[in-house]
Amino acid sequence: MSQSSKSPNVPTSADVARLAGVSRATVSYVLNNAAAVRISEPTRRKVREAAEELGYVPHAAARSLRAGHTRIVLLPTSHVPVGPLYSAFLNELQWALRRLDYTVVQYGSLGLNGDEAARAWAELRPVAVISLGEIALSPHNVATLKRAGARAVITLGPAGVPGAHALVMDQAEIGARAAGHLLERGRRRIGVVVPREAGLELFSGPRLAGARSVAGAEVEEVPLAHTEESAAELAARWRPLGLDAVFAYNDEYAMLLMRALQDAGLRIPEDVAVMGADDLLIGRLLRPRLSTVRLEMPTGDHLASLVDRAVREPSEITERNDLMAALVVPREST
């Protein structure tokens, strides 16, 4: 084999230590962000500069063997349109986990059921899994992940899972708040949009049930796809439905339907009161401005700290249902 075809020597922590003039232990402390060891900033800078010059990066597998577990937090990617609110929350969560020295790995889980997903996730040996609730996990799935080394399985969704740290977000409260507001505005016949898009039933079902739980409200399920054609078709037959208000699942569906209702000659809110959820900025730019249910979710920093605590104290199984509040924001559309 010619010299040019040989692979270059892979730099080691010993090479970094020699170049920086420090011990290998110091290199390990600096590059692994060991908070328990005090190292001066000039020394940290020398180590980082030496590692950069040599092109050295720590070996994740070796680090995992020393620690007894990985620093991977597995975050299954969403396969349903979660909207800007959840997207911003997830971005904040990932930044916060990185600051705590975790490696966030997003995993495409489209088409997997609970058993398939748990086995696929377990292959990566994550120290924690954060499931957004799109895949229904069972206690058996949680046990599979823990046998593979996951110290914490955190679920976000409308219901908890035995064996997991459950952050329960009460979707029914959102529907109840919306219907209650419309009832206070003198509306009785309320349509509740149920998106046709697959995967959203985990959220839309409880929101519909919450609206139906409000005494005095006559609630009718209104299927709607997130397309102009579907909205126009629904608006064209709105009058025969006899509905004087609609809770349109979220702000995006509400804006889509409101435009279609106006195009069909219906006045907002005189003929139809329209309400969304999420309190997106664009809803405030509409005319009339969109009434909504604001969701006060936990910050990414707060959830990241809960994940870190669950990893460090894996025996402490908790269920929290106080992490999301639903508040009505009344505007001109109702």
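**Salt bridges and cores in a predicted model**

1. The salt-bridge count comes to 14. Keep in mind that this is a predicted model.

2. Two of the pairs join partly exposed residues. Arg 237 bridges to Glu 233, with the closest N and O atoms 2.9 Å apart. Arg 237 has a relative accessible area of 31% and is partly exposed. Glu 233 is partly exposed too, at 41%. Arg 48 and Glu 41 meet through their side chains at 3.6 Å, N to O. Here Arg 48 has 38% relative accessibility, and Glu 41 has 45%; both count as partly exposed.

3. Asp 279 and Arg 284 form a salt bridge at 3.5 Å, N to O. Asp 279 is buried, at 9% relative accessibility, because that value is under the 20% cut-off. Arg 284, at 34%, is partly exposed. The pair belongs to a network of salt bridges that also links Arg 294 and Arg 331.

4. On to the nonpolar residues. The largest nonpolar core holds 74 residues. Ile 130, Leu 156, Trp 238, Leu 261 and Val 274 have the most contacts inside it. Helix α12, residues 251–263, supplies the largest share of this core, eight residues. A second core is separate and has 15 residues, among them Leu 74, Val 129, Ile 135 and Leu 145.

5. Now the chain overall. The protein chain has 14 helices and twelve strands. Of its 334 residues, 47% are buried. Among contacts with a separation of 6 or more, 72% are between residues 24 or more positions apart. The accessible surface is about 16,500 Å². Carbon and sulfur atoms account for 52% of that surface.

Conventions
Residues are numbered from 1 along each chain as its sequence is written. This is a predicted model: local features need pLDDT of at least 70, side-chain atom pairs count only at pLDDT 80 or more; totals for chains, interfaces and linings use all residues. Side-chain values use heavy atoms; hydrogens and water are left out. Helices (H or I, at least four residues) and strands (E, at least two) are DSSP runs, numbered from the N terminus. Buried means under 20% relative accessible area, exposed over 50%, partly exposed in between (1.4 Å probe, protein chains only). Contact means heavy atoms within 4.5 Å. Accessible areas come from the Shrake-Rupley method with a 1.4 Å probe; for residues, only the protein chains shown count as cover. A nonpolar core is a set of buried Ala, Val, Leu, Ile, Met, Phe, Trp, Tyr and Cys residues joined through side-chain atoms within 4.5 Å. A salt bridge is a side-chain nitrogen of Lys or Arg within 4 Å of a carboxyl oxygen of Asp or Glu.
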